[in-house]
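Try each task before reading its solution.

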Amino acid sequence: LDAAMGRVLDGAQFILGEEVALLERELAAFVRAPHCVAVANGTDALELALEALGVGAGDEVITTPFSWISSAEAIARVGATPVFVDLDPRDDEFFLLDVRAVQRAFSPRTRAVLAVSLFGRMPDLAALQRAIE
C-alpha cells in the first residue's frame, strides 16, 4: 500500500492515470463486478448513482434530513427534488429512516429512495424494499 501511495504521490496523477485504472480493476475484481469507477468523494458517488438510475428533472428522491448535505445536494445536482421523511421514532439511538414515512411519501414522481447509514448502522434495507414494492 505504501509503495502504491508513493507512486501516486510521486507522479501527482490523482485523477485518471494508470494507478487509478489499476485501483478500479482491482476493486472490481474484489467485489466481483464487471466495472468500478473511482470518484473523488461520496457526493460524486451519490450523484453518479442517481444519474445511472436515470433520475433527473421532475423526479423526487426520498431521503433523510438527518445527514450530511451531500445527500440532498446530489439529488438537487441531477435536477430532482429531495423529499425529506421523518426518522423512525422507535429508533432513539441511530436516527434512521422511518420505513412507514417513506411509504407515505411515495408518489408517482418518486424515482429513488436514498437511505443513509449513520453511526455505523444501516437502515433495514429489506423492510424498505418491501415497503416500496
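The model is predicted: local features need pLDDT of at least 70, side-chain atom pairs count only at pLDDT 80 or more, and totals for chains, interfaces and linings use all residues. Residues are numbered from 1 along each chain as its sequence is written, and side-chain values use heavy atoms, leaving out hydrogens and water.

**Exercise 1. Find which residues of helix α6 are buried, and what they pack against.**

Step 1. Locate α6 at residues 125-132. Helices (H or I, at least four residues) and strands (E, at least two) are DSSP runs, numbered from the N terminus.

Step 2. Pick out the buried residues (under 20% relative accessible area; exposed is over 50%, partly exposed in between; 1.4 Å probe, protein chains only). They are Ala127, Leu128 and Ala131.

Step 3. Check their directions. They cover an arc of only 100 degrees around the axis, so they sit on the same side of α6. The arc is taken from the directions from the helix axis to the C-beta atoms. An α-helix has 3.6 residues a turn, so residues three or four places apart point the same way.

Step 4. Look for partners. The buried residues of α6 pack against α5 (99-105) and β3 (110-114); contact here means heavy atoms within 4.5 Å.

**Exercise 2. Describe the aromatic cluster formed by Phe66, Phe95 and Phe119.**

Step 1. Apply the ring criteria. Rings of Phe, Tyr and Trp (its six-membered ring) pair if their centres lie within 6.5 Å; planes under 30 degrees apart are stacked, over 60 edge-to-face, the rest tilted. The structure holds three aromatic pairs.

Step 2. Take Phe66 and Phe119. Their centres are 6.4 Å apart, with 55 degrees between the planes: a tilted pair. Phe66 is in the loop between β1 (60-63) and α4 (70-77), and Phe119 in the loop between β3 and α6, 53 residues apart.

Step 3. Phe66 is partly exposed at 38%, while Phe119 is exposed at 56%.

Step 4. Take Phe95 and Phe119. The centres lie 6.3 Å apart and the planes at 75 degrees, so this pair is edge-to-face. Phe95 is in the loop between β2 (81-84) and α5, 24 residues from Phe119. Phe95 is partly exposed, at 30%.

**Exercise 3. Which element gives the most to the lining of the largest pocket?**

Step 1. Start with the volume, about 460 Å³.

Step 2. Inspect the lining. Of 19 lining residues, Val8, Glu19, Val20, Leu23 and Ala38 are the closest to the centre.

Step 3. Assign elements. α1 (2-11) and α2 (17-30) each give two or more residues. α2 gives the most, with seven.

Note on methods:
On a 1 Å grid over the protein atoms alone, a cavity is a set of points where a 1.4 Å probe fits but cannot get out, and a pocket is an open set with protein on both sides within 12 Å along at least five of seven lines; lining residues have an atom within 4 Å of a point. Grid points are joined across faces, edges and corners, and a volume is the space filled by probe spheres set on the points.
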